[in-house]
Amino acid sequence: MTSVKQVQVTFDCAEPERVARFWCDVLGYVFPPPPEGFATWEDYDATLPPEHVGAGAVCQDPTGAGPRLYFQRVPEGKVVKNRVHLDVRAGTGLVGAERLAVLEAECARLVALGATRVRLLLADEYEESCIVMQDVEGNEFCLD
């Protein structure tokens with residue numbers, strides 16, 4: 001049996017480049033270099049039929065450790081809660097007030113990038129605190 005070596009997370013969205021830029025800023029990811037033979041992604045896009053220009057964008061972990069993120073343009077808007085979401089792990093290993101302080105500081109940074117704060121989920125006997133947020137197109141994610 002073959003084991004999976006890499007995972008790509010794909011987002012449906014209206015504006016792939018905008019959403020990709022947001023997630024690059026959140027995660028410290030980068031856009032990959034343009035295809036061979038092209039100086040920029042804009043040069044590459046100029047070779048595509050109009051309906052394919054800007055239809056997708058990629059961001060990736062510069063270290064290669066994290067999953068590649070792909071953003072594809074779709075005609076329909078988001079209408080219900082995501083079935084899959086990303087957890088942005090800013091408070092790993094922290095508890096109590098120290099964890100909340102780190103989460104609140106990161107939340108403020110992400111809101112400045114265009115994210116929306118939805119709600120704070122306080123720690124209980126099973127889970128640590130986290131903040132539910134939305135990206136620039138309303139996709140939910142947890143600041144954990």
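Reader: What is the strand order in the open sheet of 4 strands, and what kind of pairing is present?

Author: In this predicted model, the order is E4-E7-E6-E5, and the pairing is mixed. Strand E4 (86–88) and E5 are the edges: each has a single partner strand, so one side of each lacks a neighbour in the sheet. From one strand to the next, the twist averages 25 degrees. Strands (E, at least two residues) and helices (H or I, at least four) are DSSP runs, numbered from the N terminus.

Reader: How do you know that strand E6 and strand E7 pair?

Author: Strands E6 (residues 130–134) and E7 (residues 140–143) share 4 bridges in the antiparallel sense. Val 132 stands opposite Cys 142 in E7.

Reader: What is the mean confidence of the protein chain?

Author: The protein chain averages a pLDDT of 92, and 99% of its residues score at least 70. The term pLDDT denotes the predictor's confidence in each residue, from 0 to 100. Confidence is lowest in helix H2 (residues 41–45), at a mean of 92, and highest in strand E5 (residues 116–121), at 97.

Reader: Why are H1 and H3 described by a term for their relative direction, and which term applies?

Author: The axes of helix H1 (residues 16–27) and helix H3 (residues 96–112) come within 10 Å and cross at roughly 150 degrees. Angles run from 0 to 180 degrees between N-to-C directions, with axes fitted to C-alpha atoms, for helices over the stretch in contact. Angles under 35 degrees count as roughly parallel, over 145 as roughly antiparallel, 65 to 115 as roughly perpendicular and the rest as oblique. H1 and H3 are therefore roughly antiparallel to each other.

Reader: Which residues make the contact of H1 with H3?

Author: H1 contributes Phe 22, Asp 25 and Val 26, while H3 contributes Glu 106, Arg 109 and Leu 110. These residues divide into 3 nonpolar, no polar and 3 charged.

Reader: What makes E1 and E2 the edge strands of the open sheet of 3 strands?

Author: This sheet has the order E1-E3-E2 with mixed pairing. Strand E1 (8–13) and strand E2 (56–59) each pair on one side only. Neighbouring strands are turned by 20 degrees against each other on average, direction ignored.

Reader: In which sense does E3 pair with E1, and in which do E2 and E3 run?

Author: E1 and strand E3 (residues 68–73) pair in the parallel sense over 6 bridges, and Thr 10 stands opposite Tyr 70 in E3. E2 and E3 run antiparallel and are joined by 4 bridges, with Gly 56 opposite Gln 72 in E3. H1 lies across E1, E2 and E3, running at about 160 degrees to E3.

Key: Residues numbered from 1 in each chain as written. Predicted model: local features only at pLDDT ≥ 70, side-chain atom pairs only at ≥ 80, totals over all residues. Heavy atoms only, no water. Contact = heavy atoms within 4.5 Å. Nonpolar A, V, L, I, M, F, W, Y, C, P; charged D, E, K, R; others polar. Pairing = 2+ DSSP bridges.
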